Amino acid sequence: MQENYWEEQVIKDKKYQDVTMEQYIFTDCTFENCSFEDCRLEATQFFRCDIRKADFREAKGYVIDIPSNKLKQAKFSFPEVTSLLTSLEIKID
């Protein structure tokens with residue numbers, strides 16, 4: 001198993017601020033009261049995670065699958081928030 005692969009973890013009250021996480025994969029994880037503010041999440045992926053109320057403002061490089069994650073009240077900033085549309089496989093002109 002990869003060191004950067006996390007599955008079925010519950011992470012509470014964690015502030016990742018101005019951190020670089022490269023190619024992490026989070027599957028079936030819960031992030032309670034967590035912040036990724038100003039992080040460089042180079043190709044870090046979130047699948048079937050509960051990231052409600054998580055703070056991704058000013059974070060860059062994340063890959064979040066909209067259909068499989070719980071996102072209610074998560075915080076994002078523009079323009080990086082547009083990367084969320086990638087998982088929907090839509091075309092924007």
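Predicted model: local features only at pLDDT ≥ 70, side-chain atom pairs only at ≥ 80, totals over all residues.
**Aromatic pairs**

A pair of aromatic rings is described by the distance of the centres and the angle of the planes. Across the whole structure, a search finds 13 aromatic pairs. Two of them are set out below.

| Pair | Centre to centre | Angle between planes | Geometry |
|---|---|---|---|
| Phenylalanine 31 and phenylalanine 46 | 5.8 Å | 65° | edge-to-face |
| Tyrosine 62 and phenylalanine 76 | 5.8 Å | 50° | tilted |

Because phenylalanine 31 belongs to strand S4 (residues 30-32) and phenylalanine 46 to strand S5 (residues 40-47), their pair ties together parts that are 15 residues apart in sequence. Both phenylalanine 31 and phenylalanine 46 are buried.

Tyrosine 62 is placed in strand S6 and phenylalanine 76 in the segment after S6, so this pair ties together parts that are 14 residues apart in sequence. Tyrosine 62 counts as buried, at 3% relative accessibility, whereas phenylalanine 76 counts as partly exposed, at 21%.

One aromatic cluster is formed by Trp6, Tyr16, Tyr24, Phe26, Phe31, Phe36, Phe46, Phe56, Tyr62 and Phe76. Lysine 14 lies over the face of tyrosine 16, 5.4 Å from the ring centre.

**Surroundings of serine 77**

Serine 77 is located in the segment after strand S6 (60-64). Its relative accessible area is 12%, and serine 77 is therefore buried. When neighbours within four places in sequence are left aside, serine 77 is in contact with Phe56, Arg57 and Glu58. A polar atom of the serine 77 side chain lies 2.7 Å from the backbone nitrogen of glutamate 58.

Notes: Residues numbered from 1 in each chain as written. Heavy atoms only, no water. Helix = DSSP H or I, 4+ residues; strand = E, 2+ residues; numbered from the N terminus. Buried < 20%, exposed > 50% of the residue type's maximum accessible area, 1.4 Å probe, protein only. Polar contact = N/O pair within 3.5 Å; in protein donor to acceptor, adjacent residues only side chain to side chain. Contact = heavy atoms within 4.5 Å. Phe/Tyr/Trp six-rings, centres within 6.5 Å; stacked < 30°, edge-to-face > 60°. Lys NZ or Arg CZ within 6 Å of the ring centre and 35° of its normal.
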